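Here are my notes on this one, jotted down in the order I went through it. Have the model open next to you as you read.

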Amino acid sequence: MAPTQYSADVIQAFLQDERIASLEQLKQALGTIGTMTVFRKLKALGYLSSYSHRGKYYTLQEIPEFDAQGLWGWHSVWFSRYGNLVETAREFVEEAASGFTASELEGVLHVECKRALLKLHRDDRLARARIAGVNVYLAKHK
């Protein structure tokens, strides 16, 4: 018996209509229970995962209309041209003249950022200064 063939065209058409989808929605659209089957098709098409909702949602690279800051939201799900939340937070802090507090960055990115900023600081990728009792995250001087 020959293996079942799944077409990436199905995922492409589904995402063109819906704009974003979860892994379960993509499995259903493709007619498979195989996670890796979906990811192989997404990879062939070129995809992005959301930085909000713990990366639960996917879209094709061609779909987002990023704003000047490199962000795109669709029904409260957020995507970034910089990738996941950690990389997006790093990019925003590095480009900021006076850094960001967690709450300031949350206002811009629309998601909780404290853990991402703390990870970047602990990994020595961002500096942190305590100013007026608040942690401010800053670009590392190179």
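1. Tyr47 sits in strand E2 (residues 47–49), which is joined to E3 by three bridges and runs antiparallel to E3. Strands here count as paired if DSSP finds at least two bridges between them.

2. Before going on, the ground rules. This is a predicted model, with local features needing pLDDT of at least 70 and side-chain atom pairs counted only at pLDDT 80 or more, while totals for chains, interfaces and linings use all residues. Numbering starts from 1 along each chain as its sequence is written, and side-chain values use heavy atoms, with hydrogens and water left out. Helices (H or I, at least four residues) and strands (E, at least two) are DSSP runs, numbered from the N terminus.

3. On its other pairing, E3 meets strand E1 (residues 21–22) in the antiparallel sense, over two bridges. Ala21 stands opposite Tyr58 there. Put together, the three strands make an open antiparallel sheet in the order E1-E3-E2. E1 and E2 are the edge strands, each pairing on one side only.

4. Now look along E3 (residues 57–60) itself. Tyr57 and Thr59 point one way, Tyr58 and Leu60 the other, and all are buried. Buried means under 20% relative accessible area, exposed over 50%, and partly exposed in between (1.4 Å probe, protein chains only).

5. H3 (residues 35–45) lies across E2 and E3 and runs at about 120° to E2. For the angles, axes are lines fitted to C-alpha atoms, for helices over the stretch in contact, and the values run from 0 to 180 degrees between N-to-C directions.

6. An α-helix has 3.6 residues a turn, so residues three or four places apart point the same way.

7. Leu45 belongs to helix H3. Is Leu45 buried or partly exposed? It counts as partly exposed, because its relative accessibility is 22%. Setting aside neighbours within four places in sequence, Leu45 is in contact with Ala8, Ile11, Gln12 and Leu60. Ala8 and Leu45 are 37 residues apart in sequence, yet 7.2 Å apart in space, C-alpha to C-alpha.

8. Finally, the whole protein. It has six helices and seven strands. The radius of gyration (over C-alpha atoms) is 18 Å, whereas a compact globule of 142 residues would be near 14 Å, by the rule of 2.2 Å times the number of residues to the power 0.38. Along the principal axes, the C-alpha atoms fill a box of roughly 65 × 30 × 25 Å. Of the 142 residues, 39% count as buried.

Technical notes:
Contact means heavy atoms within 4.5 Å.
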